[in-house]
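Let's take a friendly walk through a protein model, one part at a time. Have the sequence and the 3D view ready.

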Amino acid sequence: MATRSKVKVLGTTYYITTSGSEEQMRHIEEQLNDQLTGILEQRPSLSTLDAVVILCLNLMDQLTETESSTDRMREQLSQYLEDAAKARMELEDQRRQNERLTQELEDERRLCTQFRQELEKQKRQFDRARMELSRLSLDEEQ
């Protein structure tokens with residue numbers, strides 16, 4: 001919502017319409033007066049208009065630097081997001097591979113259990129056959 005604010009710059013009053021708050025306008029007004037006063041104190045021979053032009057040039061330079069910095073941050077953020085997406089995909093691939101290997105391990109464990117059971121069964125049959133053979137040998141000797 002736009003509000004009408006009264007701003008006093010170097011003794012001259014201006015009325016402006018802004019979407020900013022009254023507190024924000026007071027802060028801007030203070031900064032503007034401080035910076036213009038600083039320029040005029042450093043170079044007393046300047047006119048108010050010249051001081052305003054110098055301030056505008058300084059602010060435009062700061063704005064350009066800020067925009068460049070923002071662009072660099074956006075590019076860096078985009079790169080981070082791309083890297084994060086790649087990492088997420090790699091993590092998902094690793095998770096799937098882990099699930100596959102876990103399943104293979106379970107399958108191998110089941111096979112080992114089956115082989116162990118079969119081996120125990122074969123061993124019991126072998127022991128019975130040996131005992132039977134031993135008994136038959138004893139019977140023949142008698």
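## A turn to start with

Which residue takes a positive phi in the hairpin of strand 1 and strand 2? The residue is Leu10, and the hairpin around it has 2 residues between its strands. Please keep in mind that you are looking at a predicted model.

Find Leu10 in the loop between strand 1 and strand 2. Its phi is near 45°, and this positive value occurs in a residue other than glycine.

Strand 1 covers residues 3-9, and strand 2 covers residues 12-18. The two pair in the antiparallel sense, over 7 bridges.

You can check the pairing by picking out residues that face each other. Thr3 stands opposite Thr18 in strand 2. Further along, Ser5 stands opposite Ile16, again in strand 2.

## The whole chain

Let's step back. The secondary structure of the protein chain consists of 2 helices and 2 strands. Reading from the N terminus, the order of the elements is β-β-α-α. Helix 1 spans residues 22-42, and helix 2 spans residues 48-141.

What is the span of the C-alpha trace along its principal axes? It comes to about 140 × 30 × 20 Å. The radius of gyration tells a related story: the protein chain has 44 Å, while a compact globule of 142 residues would have a value near 14 Å.

Of the 142 residues in the protein chain, 9% count as buried. Take the contacts between residues at least 6 apart in sequence: 14% of them join residues at least 24 apart. The accessible surface of the chain is about 12,400 Å², and carbon and sulfur atoms account for 54% of it.

In soluble globular proteins, nonpolar side chains tend to be buried together. Where can you look for such a group here? The largest nonpolar core has 8 residues, namely Val7, Val9, Met25, Leu36, Ile39, Leu46, Ala51 and Leu55. Strand 1, helix 1 and helix 2 each supply at least two residues of this core. Helix 1 gives the largest share, with 3 residues.

## Salt bridges

Side chains of opposite charge can pair when their charged atoms come close. The count of salt bridges in this model comes to 12. Let's visit a few of them in helix 2.

Begin with Glu92 and Arg95, which form a salt bridge whose closest N and O atoms are 2.1 Å apart. Why are these two residues about one helical turn from each other? Because they are 3 residues apart in helix 2, about one helical turn separates them. Glu92 counts as partly exposed at 30% relative accessibility, and Arg95 is also partly exposed, with a relative accessible area of 37%.

Next come Asp93 and Arg96, with their closest N and O atoms 2.4 Å apart in a salt bridge. They are 3 residues apart in helix 2, so about one helical turn lies between them. Asp93 counts as partly exposed at 42% relative accessibility, and Arg96 is partly exposed with a relative accessible area of 44%.

Another salt bridge joins the side chains of Arg109 and Glu106, at 3.1 Å from N to O. Both residues lie in helix 2, 3 residues apart, which is about one turn of the helix. Arg109 is partly exposed, with a relative accessible area of 45%, and Glu106 is partly exposed too, at 33%. Finally, salt bridges that share partners link Glu92, Asp93, Arg95, Arg96 and Glu99 into one network.

How values were computed. Residues numbered from 1 in each chain as written. Predicted model: local features only at pLDDT ≥ 70, side-chain atom pairs only at ≥ 80, totals over all residues. Heavy atoms only, no water. Core = buried A, V, L, I, M, F, W, Y, C linked by side-chain atoms within 4.5 Å. Buried < 20%, exposed > 50% of the residue type's maximum accessible area, 1.4 Å probe, protein only. Helix = DSSP H or I, 4+ residues; strand = E, 2+ residues; numbered from the N terminus. Pairing = 2+ DSSP bridges. Rg over C-alpha atoms; globule rule 2.2 N^0.38 Å. Contact = heavy atoms within 4.5 Å. Areas by Shrake-Rupley, 256 points an atom, 1.4 Å probe, with all protein chains shown as cover. Salt bridge = Lys/Arg side-chain N within 4 Å of Asp/Glu carboxyl O.
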